[in-house]
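These are my notebook entries on a structure that I looked up chain by chain. I set down each item with the cut-offs under which it holds.

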Amino acid sequence: MANVAKDSDGLRIGVFVCECGLNIAGTIDCNAVSEYARTLDDVAAVIQNKYTCADPGQNEIKKAITEHNLNRVVVASCTPKIHEPTFRECVADAGLNPYLFEMVNIREQCSWVHQSEKEKATEKAKDLVRSGVARARFLEPQTELEVPITKTALVIGGGVSGIQAALDLADGGHQVYLVEKEPTIGGIMAALDKTYPTMDCSI
Amino acid sequence: MAQKEYDFKCLNCGREYRALYDIKNVTERTCPQCRSNSVRRMPEKKGAAKT
Amino acid sequence: MTNSEVESVSGFVGNFNVTIRKKARYVDPDECTACAECANICPVAVPDEYQQGFSSRKAIYMPFPQAVPSAYILDMENCLGNNPIACGKCADVCEKKCINYDDQDELINIEAGVIIVATGMDVYDPTEYDEYGYTRFDNVITSMEFERLICAGGPTEGHFIRPSDRKIPKSIGFIQCVGSRSRNGRGNPYCSNICCMNTVKDTLLLCDHYPGVEARVFYMDMRAFGKGFEDLYMRSREEGVKYVRGIPGDVSENDENKNLVLTVENTTTGRREIHELEMLVLSQGVIPRQDGDQIKRLLTLSTTSDGFIMESHPKLKPVDAPTKGVYIAGCVESPKDVKDSVTQASAAAARASILLNAGKTRVEAITSHVETDKCNYCGICADVCPYNAILAPDRKAKRAPTIIQAACAGCGACAAECAQDAIIMRHFRDEQIMAQIEAILEVEPHKHLLTFACNWCSYAGGDNAGTARLQYPTTSRLIRTMCSGRVDEKFVLHAFRLGAPMVLVSGCHFADCHYINAVHWTQKRMDRLWNKLDKLKIRPDRLRLEWISAAEGQKFAKVMRELENSVRSVTMEEMEYTMKIMAEEENRILEKKLKAAAKKV
Ligand code: SF4
Ligand SMILES: [Zn+2]
């Protein structure tokens, strides 16, 4: 599998470069990254936003999907740990399968860690966008498996937190198991006399 | 389990050492000198007498 | 369920299968009326943990009067013998006959949709601060011991007396930050959050119980940041409590009256002061639970460097654990007071209810499937899968394995280990990752460090470095996989073929692996790859391996800095030679595969 065959038929990739205020744009030359993205094969639209995750930014994505008939979306912004779900939902709203979305991290792993190397960071961002677009070409729609949720909660630990969580869940009408290691619930708090700030009894 | 002595070499700082290890049930390795995890288990020399 | 511990957890969000060990209690809690006859007759006395050892309890006992369940428990370790000949007194006097010496641990299986971890904390043991003399002087106590002494339900019925002569002390000192905010290797570097206000509370209790008592607090900073806290602090000062800025360097005991003599540099005045006090309370810090490893392992939770459980995101998902369907509440996450614990617990309960109410959830479509025509029935995948999600028929049956979609967690170790490339990992397919490698190495490949990082730990560790703004060289180009176990040999070889000077594979520490033990396969594969490189006369140290947890942003940045130099040390000739050799090697592998396929047909 030396060379991966590119199936470019009908690919229309949209690249969204995020400035994240100055979080990204303060280090990375976002205009240059956008310009660069335009030169990549199969890229049908490149749009730069101040805050892509905010409503206006998301609307731009949705609009572009319809206007440019996009079938892949790449967002170059922050870590997928925060906003991958956001953007997946956003593209799904616009009628695209959420798995046709790819995220490129140019904030946590680029602009924030190379603050004094603006040019090199911009080059790195371009490389990462190129890699994201390359991956996007091979993305496929997926259907998520829906799993049922057993309507029972397990709370481990019968101190003040565990008790509170268990009571709240039970009050909400759920069945709860509370597991405590010691022979009694109460935890550390039960050993206290009074507690601040109200100076009242702890049991 | 089946622990045996093997030669290890840190690919970061070059430190070599022998240690007990179970190659079936592998565990995390850390170089005792530089804390890197790039610790290579050297191939056993076949036939060669081990000291 | 009290007196119980979680023994094992399997399954996934919405469908956890949990085994709980209900330890033998030897007293039937439903029958027990807490009449106390048994304890009255029990001949064994041991220190009472609840009263911090200030008083004793029997081998059959009630932890404290308000305990829930309100029932006795038999402490088998201290019982004279669960043999009526040896003792058996309690069983004789128990009218309801609820004592059973043959009681056994019981294993209970439950199904749970969500799990809330609220395993709490431990308190710091100040023994190692030997200069305070906790173990040497009677009248030095800890803040937990203070609670019992001042409590009306305590061993002294609320008379705050000093241990040496059982007299009520007229002057009491408090030393703050014992085991907290320490940078010298003793205790912990973090602030324990609660001890300042706890001491303020203690001084107010003292002033309330014993007007005129002299209380002095020795501190570095008093932190009274919460709602109503400053008021309490001011009240304490108004009551006459003296706050001395400075931590005593030494405590000694006055032989005659057993008073304690503190030497302290008052950093406000810059003068050395000597204080003689009748009693001293060490305001001990909060530490992570010392027996928390089991739960951490069962639920694949990781901890921050201070040992407390790490949340999914410090601001956006503070009560979610990275494992879906698991939430955290209370001091297991960080030291906190009662109010914050309750707040967090309610938040966790509310988060958990979202799933419970929905009754269903979607799991990411990252699962594997088999291309039956490529499979050669070796069955390796079934051995690899940490979840036993792959059922491989006997080799002779010549049938491809089946993968149980609901059980597959998506690590991709099977796809990486399958030599036939017969297993496809959805959303992390070979083609997708290969395309990324090729794209990255398309421009100036010789300058860059190709890095593979697993989603849960190393990638998150990289994010952690970013959030902390740790600066490191721009050399690295990173590719994310769900697990380092997904990093196929061919990815690494292909990167070298395309001119990569170095390749770094990074993943979770073994204890943190989010796919049980998929990381084992990473380690084994790396050994194979190092041997292979060696054989091809390519420096094995151009392929690196680092385990980086989600909290180890520091390590991530350090590795990046170190490898920058290593990347530079790779010469152009070396890279050209590698590219040539690897091209041959890849062709060889390809031919072998083609031949095998031809043979099959
Ligand atoms: S991807 Fe991992 S969990 Fe899924 S079948 Fe393969 S080895 Fe098992
Ligand atoms: Zn080393």
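**Entry 1. Ligand shell**

I began with ligand 1, whose shell comprises nine nonpolar, three polar and no charged residues. In this classification Ala, Val, Leu, Ile, Met, Phe, Trp, Tyr, Cys and Pro are nonpolar, Asp, Glu, Lys and Arg are charged, and the others, Gly among them, are polar. I then listed the residues around ligand 1: Ser368(C), Cys385(C), Pro386(C), Tyr387(C), Ile390(C), Cys408(C), Ala409(C), Gly410(C), Cys411(C), Gly412(C), Cys414(C) and Met425(C).

**Entry 2. Basis of the values**

I note that this is a predicted model, in which local features need pLDDT of at least 70 and side-chain atom pairs pLDDT 80 or more, while totals for chains, interfaces and linings use all residues; side-chain values use heavy atoms, without hydrogens and water. Residues are numbered from 1 along each chain as its sequence is written, and chains are lettered from A and ligands numbered from 1 in the order in which they are written.

**Entry 3. Chain C**

For chain C I recorded 15 helices and 28 strands; these are DSSP runs numbered from the N terminus, helices being H or I of at least four residues and strands E of at least two. The C-alpha trace of chain C spans about 95 × 70 × 45 Å along its principal axes. Of its 601 residues, 57% are buried, where buried means under 20% relative accessible area, exposed over 50% and partly exposed in between (1.4 Å probe, protein chains only). Among the contacts in chain C with a separation of 6 or more, 68% link residues 24 or more positions apart; a contact requires heavy atoms within 4.5 Å. The accessible surface of chain C is about 25500 Å², with 50% supplied by carbon and sulfur atoms. Accessible areas follow the Shrake-Rupley method with a 1.4 Å probe, and for residues only the protein chains shown count as cover.

**Entry 4. Pro47(C)**

I looked up Pro47(C) and found this residue in strand S3 (residues 45-47) of chain C. Is Pro47(C) buried or exposed? Pro47(C) is exposed, its relative accessible area being 55%. Beyond its neighbours within four places in sequence, Pro47(C) contacts Gly53(C), Ser55(C), Ser56(C) and Arg57(C). Arg57(C) is 10 residues away from Pro47(C) along the chain, and their C-alpha atoms are 6.1 Å apart.

**Entry 5. Chain B**

Chain B has zero helices and three strands, in the order β-β-β from the N terminus. Its 51 residues are 33% buried. Of the contacts in chain B with a separation of 6 or more, 32% fall between residues 24 or more positions apart. I recorded an accessible surface of about 3300 Å² for chain B, 50% of it belonging to carbon and sulfur atoms.

**Entry 6. Contacts between chains**

Which chains share the most contacts? Two pairs of chains are in contact, and chains A and C share the most. Chain A does not touch chain B, the nearest C-alpha atoms of the two being 22 Å apart. Between chain B and chain C, 19 residues of chain B and 20 residues of chain C take part. The two chains bury about 1500 Å² between them, 42% of it on carbon and sulfur atoms; buried area is the accessible area (1.4 Å probe) lost when two parts are put together, summed over both.

**Entry 7. Salt bridges**

I counted a salt bridge where a side-chain nitrogen of Lys or Arg lies within 4 Å of a carboxyl oxygen of Asp or Glu. The structure holds 61 of them over all chains, and two are between chain B and chain C. Arg29(B) pairs with Asp527(C), the closest N and O atoms being 2.4 Å apart.

Within chain A, Arg107(A) and Glu108(A) form a salt bridge at 2.8 Å between closest N and O atoms, and both residues are buried.

Asp127(A) bridges to Arg477(C), also with a closest N and O separation of 2.8 Å. Asp127(A) lies in helix H6 (residues 118-137) of chain A and Arg477(C) in strand S26 (residues 476-481) of chain C, so the pair joins two chains. Asp127(A) is buried at 5% relative accessible area, and Arg477(C) is buried at 2%.

In chain C, Arg539(C) and Glu574(C) meet in a salt bridge of 2.8 Å, N to O. Arg539(C) sits in the loop between helix H13 (519-535) and strand S28 (543-547) and Glu574(C) in helix H15 (residues 572-600), so the pair ties together parts that are 35 residues apart in sequence. Arg539(C) is partly exposed, with a relative accessible area of 29%.

Lastly, I noted one network of salt bridges with shared partners, which joins Asp421(C), Asp430(C), Arg486(C), Asp488(C), Lys490(C) and Lys593(C).

How values were computed: A residue is near a molecule or strand if one of its heavy atoms lies within 4 Å of it.
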